Amino acid sequence: MGLLENKDDLKYLVDNLNFKEKVDRSLALIDEAYKRYGEGLVVANSLGKDSVVVWDLAKKVSPKIRGFIVTTRFKPKETKKFMNDEVARYPELKIYANDEADIPDKLYETDPDKCCDILKVEPVRRAVEEMKVSCWVTGLRCTEGRTRTDFREVEERDKDLIKLNPILIWKEREVWQYLALYQIPVNPLYKLGYRSLGCEPCTKITSEDNERAGRWIGTSKCGGECGIHTRPLTNVKGDGI
Ligand code: SF4
């Protein structure tokens, strides 16, 4: 049985593996998945600190691994510049957006779930289909906040689509440790105090413990999810988006 089939106690691993053991485990997960899925393995790069780590790990496994970025009209200018810099360095990163969608003003206030569905989930679905993704790789971590405690390193939530979360057991400190040790550039917004980055109207700086507490403050979605990790991504005809 390979690492992809592991049934390990993730809560135990979060607290008991050291930094090097976590890095080695993440590399082994990506390597095993790449051997199994080949070109079908694609990294979803949100341009946040966790994605940047996963992207770097994937490039260590194989420089050929491809990725996609989903952006929206509401991303901060710093994030857009960082995105363009990353794509210039890595042309195998493909950008997806839903810029042409006609949405009501301030939909992010009146119906943020719908706004995220249209501007974020739809482009991910398109990326999965167009890039013929059979295994998408994410930077999700189980210590990020209340909505992220129950994920597994390998999931098959969608038909014909495996999801690999290779840094699921990393703590926030270990992400920054990796970025510092390997001198990997990050979005300059982190210097201002943000801990989780999203669209400008929906992201605030907070001093709360919950890493994602600054997301969607003042809405029912506060500290929650955009839907990429919770909504179906394949076989979704008639899903209402
Ligand atoms: S994060 Fe906010 S602005 Fe961005 S897609 Fe979601 S609701 Fe809309």
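Rings of Phe, Tyr and Trp (its six-membered ring) are taken as an aromatic pair if their centres lie within 6.5 Å, with planes under 30 degrees apart counted as stacked, over 60 as edge-to-face and the rest as tilted. By this criterion the structure contains 7 aromatic pairs. The structure is a predicted model, in which local features need pLDDT of at least 70 and side-chain atom pairs count only at pLDDT 80 or more, while totals for chains, interfaces and linings use all residues. Residues are numbered from 1 along each chain as its sequence is written, and side-chain values use heavy atoms, with hydrogens and water left out.

A pair of aromatic rings is described by the distance of the centres and the angle of the planes. For tryptophan 55 and tyrosine 90, the ring centres are 5.5 Å apart and the planes stand at 85°, so this pair is edge-to-face. Tryptophan 55 belongs to helix α3, whereas tyrosine 90 sits in the loop between α4 (77-89) and β3 (93-96), so the pair ties together parts that are 35 residues apart in sequence. Helices (H or I, at least four residues) and strands (E, at least two) are DSSP runs, numbered from the N terminus. Both tryptophan 55 and tyrosine 90 are buried, where buried means under 20% relative accessible area, exposed over 50%, and partly exposed in between (1.4 Å probe, protein chains only).

A tilted arrangement is found for tyrosine 178 and tyrosine 182, with 4.6 Å centre to centre and 45° between the planes. Tyrosine 178 is buried, at 0% relative accessibility, while tyrosine 182 is partly exposed, with a relative accessible area of 42%.

Two packed helices are described by the angle between their axes and the distance between the axes. The axes of α2 and helix α7 (residues 172-181) come within 11 Å and cross at roughly 85°; here axes are lines fitted to C-alpha atoms, for helices over the stretch in contact, and angles run from 0 to 180 degrees between N-to-C directions. By class, 4 nonpolar, 1 polar and 2 charged residues make up the contact of α2 with α7. In this count Ala, Val, Leu, Ile, Met, Phe, Trp, Tyr, Cys and Pro are nonpolar, Asp, Glu, Lys and Arg are charged, and the others, Gly among them, are polar.

Arginine 25 takes part in a salt bridge with aspartate 8, the closest N and O atoms being 3.0 Å apart. This pair links distant parts of the chain, with aspartate 8 in the segment before α1 (10-16) and arginine 25 in helix α2 (residues 19-37), 17 residues apart. Glutamate 153 also forms a salt bridge with arginine 25, and the closest N and O atoms are 2.8 Å apart. Glutamate 153 lies in the loop between β4 (135-137) and β5 (154-158) and arginine 25 in helix α2, so the pair ties together parts that are 128 residues apart in sequence. Aspartate 8 is partly exposed, at a relative accessible area of 30%, whereas both glutamate 153 and arginine 25 are buried.

A salt bridge also connects arginine 141 with aspartate 50, with the closest N and O atoms 2.7 Å apart. Arginine 141 is placed in the loop between β4 and β5 and aspartate 50 in helix α3 (residues 49-61), so parts that are 91 residues apart in sequence are tied together. Through shared partners, salt bridges join Lys49, Asp50, Arg141 and Glu211 into one network.

Phi of lysine 106 has a positive value, near 55°, and lysine 106 lies in the loop between β3 and α5 (107-110). Phi of glutamine 183 is likewise positive, near 50°; glutamine 183 follows in the segment after α7 and is exposed, with a relative accessible area of 70%.

Methods. Salt bridge = Lys/Arg side-chain N within 4 Å of Asp/Glu carboxyl O.
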